[in-house]
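Would you like to get to know a new protein by working through it piece by piece? Have a look at the sequence and the structure, then try the exercises.

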Amino acid sequence: MDERQRRIQQRRAQRRRNELIMKCLISLLILIVIILMVVLVRYAAVPGFTKYRAERKKQAEQTVDGQEGALPADGQEADGKEPAVQGVSASSGTVDEMIASADRMAAQYDYSGAIEYLRASSLFTGSQEMQDAAARYETTRQSCVSYPLDQITHVFFHTMIRDTSKAFDGDAKEGGYNQVMTTMSEFAAIMESMYEKGYVMVSLHDMCTVNADGTVSRGDILLPPGKTPFVLSQDDVSYYHYMDGDGFAQKLIVDENGDVKNTYIEADGSISVGDYDMVPWIDTFVKEHPDFSYHGHKGIIALTGYEGVLGYRTDEVYRTRESSRVTMYQQQFFDSHPDFDEAAWQEEVNQATAVANAMKEEGWEFASHTWGHISPQASGIDKVKQDTERWLGNVASVVGDTDVIIFAFGADIGDWQPYTESNEYFTYLKGKGFNIFCNVDSSKNWVQFGNTFMRQGRRNLDGYRMYYNPEMLSDLFDTNAVWDSSRPTPVPQM
Ligand SMILES: [Zn+2]
């Protein structure tokens, strides 16, 4: 063998060794990739419900932020804005737990959401149970019908009377409470009656969609036959000073479980915590009866600002004490709280914000009721501008932005004909971000769609209406069955 041949053989042997090493390395790499994939699939296969919800919510929030308060056009995305399911804590994500969560979404008529939620799990393809559940939701979804938006009723209340012996104690305020307030026992009976009749709470934002260009289009509310959507609102949840000692809750709080509750000052000065007004009562009721709520949506709270919000003294006047603006009630408050300084005011703002955030998590929304509880046309456009700036600076800054205005005194900024561009109140408020406008109208339903707005009339379910016009409420409840016998009669005339 000559030198050349020997070298060639050596090179061949070298090449074979290199090829073998390469093959080994490639096999090893493939093995590593397979192991990584197995680990990843295992980890991602069972997404925690909280994570899923957080992601959906984040997506929806990004869409909303990006459009400056406009709602996503797609109904399904809009649903992510608020929790579709309540009372479901982080689950380890077994098939049973996921089906239970999906069942709750479906109970709140969010069939697409429930199907999407199950399908998002990699367990879905291997689970007959999950596939059966999804098929069940789809069948029910297909049986649903679009409810005519023009026929949706909107009912509203003021702060509920918890202790009737204090509200109806013969003082100067008794007559007013008797006319425009509702007692807790009446409210509970009214809601139970409406639930039994198949009523389901929807959001004003289910009724319409605000597009990025400012136009407003009709929403689509899909419910099984026999179910009737309605909008629920509550005005003036400020727990005004004048109500102190008259049997109303003191404020709304977030309790140690994260639930929104009321505090109430008992006769001996001790403080009770419970469901003493609409918000916590509805939260508790929906936990037990999820099908009372459409996609987890609840009512809308119409807030003024001049004495703060939700029982907290958050208005700027409590900070500045500007003498020309301090009212008699506010002076009494300062006199009885000598240590209420700027830090205390900031703490009120922080707590009110925490309550508002917890409420929004639970499906509640907020509306402007004007800062000063004003009637726009009676006040004039300049006053409306000043008032709106105060609302944005003192209320929206605490509870967040809204595109809904629920006029005080049942007033409006025009007659029954659609708003036009020549209405300076409308163009001003629209420019400030308001798209949905509510007045008071005693008819069962009054809904109006314009190119750039939606309007709805609201029905007062209070002592005056129940006493004088029970027949106007018979679609909702039987007044005789809900009437609180501790109410003095006759209810005073308006
Ligand atoms: Zn009001």
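The exercises below each come with a worked solution, and the model they use is a predicted one.

**Exercise 1: The whole protein**

Find out how many helices and strands the protein has, and what share of its residues count as buried.

Solution. Begin with the elements: the protein holds 19 helices and 16 strands. Next, turn to burial: 40% of the 494 residues count as buried. Finally, look at contacts between residues at least 6 apart in sequence: 70% of these join residues at least 24 apart.

**Exercise 2: Following helix α16**

Work out how far α16 reaches, where its kink is centred, and what its buried residues pack against.

Solution. Step one is the span. Helix α16 covers residues 381–399, 19 residues in total, and its first and last C-alpha atoms are 25 Å apart, close to the expected 27 Å. Step two is the bend: a kink of about 30 degrees is centred on L392. Step three is burial. The buried residues of α16 are V384, D387, T388, W391, N394, V395, V398 and V399. They pack against several elements, among them β11 (300–303), α14 (342–361) and α17 (424–431). Last, step past the end of the helix: G400 follows α16 and has a positive phi, near 100 degrees.

**Exercise 3: Two packed helices**

Decide how α4 and α6 are oriented towards each other.

Solution. Start from the angle: α4 (residues 95–107) and α6 (residues 128–143) pack at about 5 degrees, with axes 10 Å apart. Angles under 35 degrees count as roughly parallel, and α4 and α6 are therefore roughly parallel to each other. Now locate the meeting residues: V95, M98, I99, A102 and A106 of α4 meet E129, M130, A133, Y137 and T140 of α6.

**Exercise 4: Backbone exceptions**

Are L310 and R321 buried or partly exposed? Examine their phi values as well, and then the peptide bond between T489 and P490.

Solution. Keep the background in mind: most residues other than glycine have a negative phi, and most peptide bonds are trans. L310 is not a glycine, yet its phi is positive, about 60 degrees. This residue sits in the loop between β11 and α12 (317–320). L310 has 25 other C-beta atoms within 10 Å; a residue is buried at 20 or more, so L310 is buried. R321, found in the loop between α12 and α13 (328–336), has a positive phi near 50 degrees. With 15 C-beta neighbours inside 10 Å, R321 counts as partly exposed. Finally, T489 and P490 are joined by a cis peptide bond, with omega about -5 degrees; P490 lies in the segment after α19 (479–482).

Methods: Residues are numbered from 1 along each chain as its sequence is written. This is a predicted model: local features need pLDDT of at least 70, side-chain atom pairs count only at pLDDT 80 or more; totals for chains, interfaces and linings use all residues. Helices (H or I, at least four residues) and strands (E, at least two) are DSSP runs, numbered from the N terminus. The expected span of a helix is 1.5 Å times one less than its number of residues. The bend at a residue is the angle between axes fitted to the seven residues ending there and the seven starting there. A residue is buried if 20 or more other C-beta atoms lie within 10 Å of its own, exposed if 12 or fewer, and partly exposed in between; C-beta atoms are placed from the backbone. Two residues are in contact if their C-beta atoms, placed from the backbone, lie within 7 Å. Axes are lines fitted to C-alpha atoms, for helices over the stretch in contact, and angles run from 0 to 180 degrees between N-to-C directions. Angles under 35 degrees count as roughly parallel, over 145 as roughly antiparallel, 65 to 115 as roughly perpendicular and the rest as oblique.
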